[in-house]
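Welcome! Please take a look at the sequence and the structure below, and keep both at hand while you work.

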Amino acid sequence: MPINIHPSWKSVLEEEFEKDYFKTLIQFVKEEYKTKRCYPKGGQLFSAFDYCHFDAVKVVIIGQDPYHGAGQANGLCFSVNDGVAFPPSLLNIFKELESDWQLPLPLSGNLERWAHQGVLLLNATLSVRENEAGSHQNQGWETFTDAVIQHLSHQKENIVFLLWGGFAKKKGSQINRAKHYVLETGHPSPLSANRGLWFGNKHFSKTNTFLKSKGLTPIQW
């Protein structure tokens, strides 16, 4: 099965695509999409890479798996399609952004605008069955996205990694922290945010302060 991913990533990850685990993963995903309703749409599985090319990555945000409700997931972590109500975690992200950056809540929860500026919105698992959270975990996606993080860590420098919640923090073990800027906080879900583990982290302003210190263009959040 040819992997429909942007050429800038294909050259970096081509060895990964030839590994046995990845071939088994793709067979699983193909069968799931053929026999069940899954998200995001098949053509959007690698949207995070298509919107944010390897050479352009400045910031990485790591999510867990796609939204599993109809019409929500679009291949970018925490992002929803235009016109879709904000899920609770995304709403809390925007509330923190409002507080940190004095920005009003946006009209759309589609985060393509971030991805186009060099924000890789990477879920650890890139697909899911409808209404079954975590249903495509432990099939190989996590191994693949670990490899993505490793390549970014080894081949680039001065990336800001935003690790929100325990799951993302575990993925952070792949990062060389001598070369990159890592910020950690609680997950933006209400369960975490309402316990005081999310709001006030100021990750958006801290990210831009770091980028500017390295002569890089800040993100227009």
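This is a predicted model: local features need pLDDT of at least 70, side-chain atom pairs count only at pLDDT 80 or more; totals for chains, interfaces and linings use all residues.

**Exercise 1. The overall build**

Task: Find how many helices and strands the protein has, and work out how its radius of gyration relates to that of a compact globule.

Solution: 
- Begin with the elements: the protein holds nine helices and six strands.
- Next, take the 221 residues; a compact globule of that length would have a radius of gyration near 17 Å, and the protein has 17 Å, so the two agree.
- For the outline, a box along the principal axes that holds the C-alpha atoms is roughly 45 × 35 × 25 Å.
- Now look at contacts between residues at least 6 apart in sequence: 65% of them join residues at least 24 apart.

**Exercise 2. Surface and charge**

Solution: 

**Exercise 3. A buried asparagine**

Task: Decide whether Asn 74 is buried or exposed, then find its polar partners.

Solution: 
- Locate the residue: Asn 74 sits in the loop between strand E2 (59–63) and helix H4 (88–101).
- Apply the cut-off: buried means under 20% relative accessible area. Asn 74 has 3%, so it counts as buried.
- Follow the side chain of Asn 74: it reaches the backbone nitrogen of Leu 76 at 3.3 Å and makes a polar contact with the side chain of Ser 79 at 3.0 Å.
- Leave aside neighbours within four places in sequence, and the contacts of Asn 74 include Pro 40, Gln 44, Ser 47 and Asn 110.

**Exercise 4. A partly exposed arginine**

Solution: 
- Not counting residues up to four places away, Arg 177 touches Leu 163, Gly 172, Val 182 and Glu 184.

**Exercise 5. Backbone exceptions**

Task: Which peptide bond is cis, and what is the phi of Phe 78 and of Lys 202?

Solution: 
- Start from the general rule: most residues other than glycine have a negative phi, and most peptide bonds are trans.
- The bond from Tyr 39 to Pro 40 is cis, with omega near -5°. Pro 40 belongs to the loop between E1 and helix H3 (47–51).
- Phe 78 is not a glycine, yet has a positive phi of about 70°. Phe 78 is in the loop between E2 and H4, and at 10% relative accessibility it counts as buried.
- Lys 202, also not a glycine, has a positive phi of about 55°. Lys 202 is in the loop between helix H8 (190–193) and helix H9 (203–213), and it is partly exposed, with a relative accessible area of 40%.

Note on methods
Residues are numbered from 1 along each chain as its sequence is written. Side-chain values use heavy atoms; hydrogens and water are left out. Helices (H or I, at least four residues) and strands (E, at least two) are DSSP runs, numbered from the N terminus. The radius of gyration is taken over C-alpha atoms; the globule rule is 2.2 Å times the number of residues to the power 0.38. Contact means heavy atoms within 4.5 Å. Buried means under 20% relative accessible area, exposed over 50%, partly exposed in between (1.4 Å probe, protein chains only). A polar contact is a pair of N or O atoms within 3.5 Å; within protein, one must be able to donate a hydrogen and the other to accept it, and residues adjacent in sequence count only if both atoms are side-chain atoms.
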